[in-house]
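Reader: Hey, I've just opened this one and I'm new to it. Can you walk me through it?

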Amino acid sequence: MEGKTALIAGATGLIGNELLQLLLGASEYKEVYALVRSPLEIHHSKLTEVIVDFDRLDEYKQYFAVEDVFVCLGTTIKKAKTQEAMYKIDVDYPVEIGRIAKESGAKHYLVVSAMNADIHSKMFYPRMKGELEEKVQKLGFEKLSIFRPSLLLGKRDEFRLGEELAAVLMKGLKFLFVGSLRKYRAVEGKTVAKAMYKVAQEKEQGKMFFASEEIQDIGK
Ligand SMILES: NC(=O)c1ccc[n+]([C@@H]2O[C@H](COP(=O)([O-])OP(=O)(O)OC[C@H]3O[C@@H](n4cnc5c(N)ncnc54)[C@H](OP(=O)(O)O)[C@@H]3O)[C@@H](O)[C@H]2O)c1
């Protein structure tokens, strides 16, 4: 069967779940490996669900020899409880996935960062995302795509008070986020997923950063 193979991490999340559905429905892909901690309630002929211990990713190398690697992992400080634990999920796991995938011959690495990523920031979250971006650039992929969405919109099983309040505010004030302020406009998780899928089909090589307004345009 013709078509590409893909690896996805974070397929149970807001962006990752939308992306998984897109990949499974896309004619460009013949096989999709999803690295998960617990079973996905999805059955599809193209899907191989791989339940992994993310601290021992080396043990699952056979699933990393793919064309496209999609990483949508992340957590909140509320869930992770400490900055160290959060860093491990948001930076260490994505970098380790990239390292093994590169060694296994993967061509294109696509990862979700955040709008305010900044390695020099004094604040933990933007600095952490900045460090993620620095580290994945050192992996040496022929093609690297870094997505920097603003606040994500979409239906979640868990309640995130801060994000819910910000989303209400953003929706009400949407008319303000035009011109140079458009990058601050909240973006649907499914729009980010669609942008990732579309960028994965482009032929150009090299390193690309996608700001939130570009994600809105590509993923609409
Ligand atoms: N929320 C926002 O407004 C916002 C804005 C900009 C950027 N971002 C970034 O966008 C990315 C994706 O966000 P999202 O909202 O789609 O994510 P999400 O819904 O929170 O999903 C996170 C994914 O990471 C996995 N994960 C969490 N802890 C894990 C662990 N210890 N080991 C293995 N996997 C783990 C989850 O798997 P389980 O189901 O097993 O927990 C899930 O698949 C994140 O990096 C986030 O920082 C978010």
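This is a predicted model: local features need pLDDT of at least 70, side-chain atom pairs count only at pLDDT 80 or more; totals for chains, interfaces and linings use all residues.

Reader: Ok, so what span should helix α6 have, and what does it have?

Author: Helix α6 covers residues 189–200, which is twelve residues, so it should span 16 Å. Its end C-alpha atoms are 17 Å apart, which agrees.

Reader: How many of the α6 residues are buried?

Author: Nine of the twelve, so α6 is mostly covered, counting a residue as buried under 20% relative accessible area. Among them are Gly-189, Thr-191, Met-196 and Tyr-197.

Reader: Switching topic: what's the strand order in the sheet?

Author: The sheet is open and has seven strands, running β3-β2-β1-β4-β5-β6-β9, with parallel pairing. The edges are β3 (47–51) and β9 (206–211); each has a single partner strand, so one side of each has no neighbour in the sheet. On average, neighbouring strands are turned by 15° against each other, direction ignored.

Reader: How many bridges join β2 and β3?

Author: Five, in the parallel sense, with β2 being residues 29–36.

Reader: I clicked on Thr-48. Where is it?

Author: Thr-48 sits in strand β3. Thr-48 is partly exposed, at a relative accessible area of 24%. Leaving out residues up to four places away in sequence, Thr-48 touches Glu-31, Val-32, Tyr-33, Ala-34 and Tyr-63.

Reader: What about the inside: how many residues has the largest nonpolar core?

Author: That core has 34 residues, and Leu-35, Phe-64, Val-69, Ile-97 and Val-136 have the most contacts inside it. Helix α3 (83–103) is one of the elements giving two or more residues to this core. The largest share, eight residues, comes from α3.

Reader: Which residues does Ile-97 touch?

Author: Beyond residues up to four places away in sequence, its contacts include Leu-7, Leu-35, Phe-54, Phe-64 and Val-69. Apart from this core lies another, of 31 residues, including Leu-23, Ala-26, Ala-195 and Tyr-197.

Reader: Last one: where does UniProt put the NAD(P)-binding domain?

Author: An unreviewed UniProt entry places that domain feature at residues 10–121. In the model, that span is 33% helix and 20% strand, with its end C-alpha atoms 26 Å apart.

Note on methods. Residues are numbered from 1 along each chain as its sequence is written. Side-chain values use heavy atoms; hydrogens and water are left out. Two strands pair if DSSP finds at least two bridges between them. Helices (H or I, at least four residues) and strands (E, at least two) are DSSP runs, numbered from the N terminus. Axes are lines fitted to C-alpha atoms, for helices over the stretch in contact, and angles run from 0 to 180 degrees between N-to-C directions. The expected span of a helix is 1.5 Å times one less than its number of residues. Buried means under 20% relative accessible area, exposed over 50%, partly exposed in between (1.4 Å probe, protein chains only). UniProt positions are given in the numbering used here, feature names are shortened, and annotations may be inferred rather than shown by experiment. Contact means heavy atoms within 4.5 Å. A nonpolar core is a set of buried Ala, Val, Leu, Ile, Met, Phe, Trp, Tyr and Cys residues joined through side-chain atoms within 4.5 Å.
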